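Hi,

Here's the structure I said I'd pass along.

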Amino acid sequence: MAINWYHYASPATFHPLAGRLAAAFAWLAAALTAAGLWIGFVVAPTDATQGEAYRIIFIHVPTAWMAMFIYLVMAFWSALALGFNTRLSAMMAQSLAPTGALMALLALWTGAFWGRPTWGTYWAWDARMTSTLILLFLYLGVIALRNAIDDPRRADKACAVLTLVGAVNVPIIYFSVRWWNTLHQGASVSLTSAPKMATIMLTGMLVMTFACWFWCIAVALWRVQAIILERERGAGWVAALPAVRET
Amino acid sequence: MLEAQDLAARRGTSQLYEGLSFSVRDGVALVVTGANGRGKTTLLRALAGLSEPAAGTIRLDGEAVRPFAAILRRAVAFAGHAAALKDELTARENLASLAALAGADPSPADIDAALDRVALGPKRSLPARVLYQGQRRRIGLARLALVRRRLWILDEPVTALDAEGTALLAGMLDAHLAGGGMAVAATHAPLAVDRSRIASLSLD
Amino acid sequence: MGARDSDDHDGGGTDAFAWALRRDLAIALRTRSELAVQLLFYAIVVTLFPLATTPERNLLSTMGPGVLWVAALLAALLSLPRMFALDQADGSLEQMALSPWPLPAIVSGKIAAHWLVTGLPVVLLSPIAALQYGLDGTAIAVLVAGLALGTPVLSLIGAIGAALTLGVRGGGSLLALLVLPLYVPVLIFGAGAVDAVRGGLAVDANLSLLGAGLIVAALGAPFAAAAAVRIALD
């Protein structure tokens with residue numbers, strides 16, 4: 001079945017669809033969070049070396065992954081926005097930035113809380129923590145540039161260019177920071193080597209990752225709805241919305 | 001021929017103009033009038049290929065052109081509010097630099113001749129910093145003459161020009177149109193050009 | 001947005017580069033005071049660190065490479081807002097964007113001029129600053145080599161930020177926020193090279209990475225900056 005993507009790329013068509021999708025993803029996220037937390041706090045055993053403190057990885061690792069992943073998704077939408085001049089892609093990129101920043105912030109925060117009992121310090125200039133901090137700065141830069149430009153069309157394009165430049169830089173930054181500090185823990189989940197953690201812990205972490213992922217999707221879709229309404233407030237279809245008519 | 005079809009411009013959420021369609025044939029100058037804030041400059045910048053219209057299409061010789069399209073950049077001479085002069089450079093250096101930027105390759109003698117024609121010969125070695133607004137405008141006129149473009153886009157070209165300067169502009173524009181050139185000018189003051197070559201467009 | 005569809009096949013890239021380089025250098029040479037401000041800023045920042053910490057020689061030579069590099073970053077930042085803003089204010093930027101020449105080539109010329117005016121003096125001054133920090137001959141040579149490779153990258157990446165923040169509210173400080181995180185790899189490899197030589201390690205990996213960064217930035221940044229200039233004019 002052929003899908004007419006351009007049909008869904010129109011803000012007027014996408015707005016109600018985004019609402020339905022967001023609700024579905026939010027319910028999924030809630031269910032997975034419940035399951036993930038239950039696994040993480042009840043089922044998973046106490047770690048032999050790290051005690052109970054390790055349980056923060058059920059939040060920390062998913063948020064850290066999301067922080068990086070969302071930047072890639074943002075870069076994808078930015079590339080579409082520049083390449084095809086589609087308004088909706090730019091709005092998607094715009095709606096993802098705050099969520100990405102929040103994920104980076106959560107990863108740093110939980111990382112610090114994990115570092116305190118594990119390394120004896122909140123901040124250890126660990127390579128991954130440091131690159132996440134720089135990633136947070138990149139997100140904040142995109143958000144700040146967006147806020148500084150009044151014309152949304154110019155802001156869309158400028159932020160898209162910045163995001164793509166950042167996306168080229170993110171791997172280089174990661175590499176350079178690792179180079180700078182090779183004294184970091186080995187990645188605890190790796191697809192190539194045998195997992196060092198118990199299967200149940202891994203399961204919990206993956207469930208939490210999906211929970212986190214779906215939550216991000218839901219929030220980004222709600223935000224994009226708000227952005228669409230704000231930008232299209234002059235358009236007829238917005239005035240015809242039941243919620244708008246009532247006010 | 002320059003054609004515009006269903007052009008629209010917005011500022012914020014307010015509509016400056018919409019559904020604007022017109023065409024400019026070779027040898028014709030389109031004079032755009034309208035009160036301040038009606039979008040004259042916006043329209044001119046869109047036609048010059050400096051900005052993307054909120055809606056609509058611009059065609060040059062039948063070919064739809066996007067902002068900064070190569071064929072547009074080879075066809076257009078744009079004179080905006082600012083004269084694009086560097087204060088640190090002399091009148092002659094400024095003119096030579098702008099001509100080269102537009103792809104023209106005038107000899108030093110051509111440059112001097114162009115400055116003489118706009119009565120700036122004696123000032124050619126002065127830095128642009130010390131020139132009056134009207135004199136700076138005249139360097140702009142000399143540039144138009146040097147770069148030989150088909151389509152002149154002039155934003156308030158007579159501003160700051162004295163009677164002599166205005167006459168100079170009118171003479172140049174006449175010659176440009178007579179040679180088959182096109183022009184789009186936003187102006188408050190009427191241009192002393194052959195009436196049969198003028199079309200007008202009001203944004204009010 | 002039409003940034004790519006129109007360029008690149010126009011030819012005249014070398015002419016455009018030479019035009020912009022000559023023009024910006026001529027302008028900079030007639031306003032020499034700016035050049036001095038840049039250098040003076042670098043010298044002062046470098047002087048502040050020992051005052052804020054200690055004149056103790058061992059500590060200074062440990063801190064030195066990092067301090068000298070951070071100062072170079074800040075000095076580069078200082079001059080970035082002016083890279084396109086003056087041209088935009090007087091209308092020249094529009095004329096550049098409307099030139100039949102490819103805009104990325106013009107932008108490259110401007111970036112090269114920016115580096116010659118702001119980056120190169122810092123490279124040349126750095127051995128003196130390095131002496132203040134008690135670095136030895138080899139370390140100074142590596143510092144200079146690193147800065148010579150790295151400061152052009154600062155101008156290249158900075159040009160993107162400068163174009164993105166053209167005429168934007170709070171442009172200067174926003175520019176710093178956008179550009180500084182992107183400078184991290186240059187800082188790490190540059191300062192790392194000096195650290196390596198001081199620790200008796202090989203420096204070619206660091207310098208090669210800086211060189212690779214320079215090539216990538218030189219190939220990519222002018223296009224991104226040109227796209228950003230067009231966006232700013234829109």
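Predicted model: local features only at pLDDT ≥ 70, side-chain atom pairs only at ≥ 80, totals over all residues.

Chain C has a mean pLDDT of 89, with 95% of its residues at 70 or more. Among the elements of chain C, helix H7 (residues 137–164) has the highest mean pLDDT, 95, while helix H2 (residues 32–52) has the lowest, 86.

Now for chains A and C: 25 residues of chain A are in contact with 22 residues of chain C. On the chain A side, the elements giving two or more residues are helix H5 (127–148) and helix H6 (152–180). H6(A) provides the largest share, 14 residues. By class, that side of chain A has 19 nonpolar, 4 polar and 2 charged residues.

Chain B has an open sheet of 4 strands in the order S2-S1-S4-S5, with antiparallel pairing. Strand S2 (14–24) and strand S5 (63–64) of chain B are the edges, each pairing on one side only. S5(B) pairs with strand S4 (residues 55–60) of chain B over 2 bridges, in the antiparallel sense, and B:Leu60 stands opposite B:Glu63 in S5(B). Helix H1 (residues 40–48) of chain B packs on this sheet, touching strand S1 (2–11), S2 and S4 of chain B. The direction of H1(B) makes about 130 degrees with that of S1(B).

Cheers

Technical notes. Residues numbered from 1 in each chain as written. Chains lettered and ligands numbered in written order. Contact = placed C-beta atoms within 7 Å. Nonpolar A, V, L, I, M, F, W, Y, C, P; charged D, E, K, R; others polar. pLDDT = per-residue confidence, 0-100. Pairing = 2+ DSSP bridges. Axes fitted to C-alpha atoms, helices over the stretch in contact; angles between N-to-C directions.
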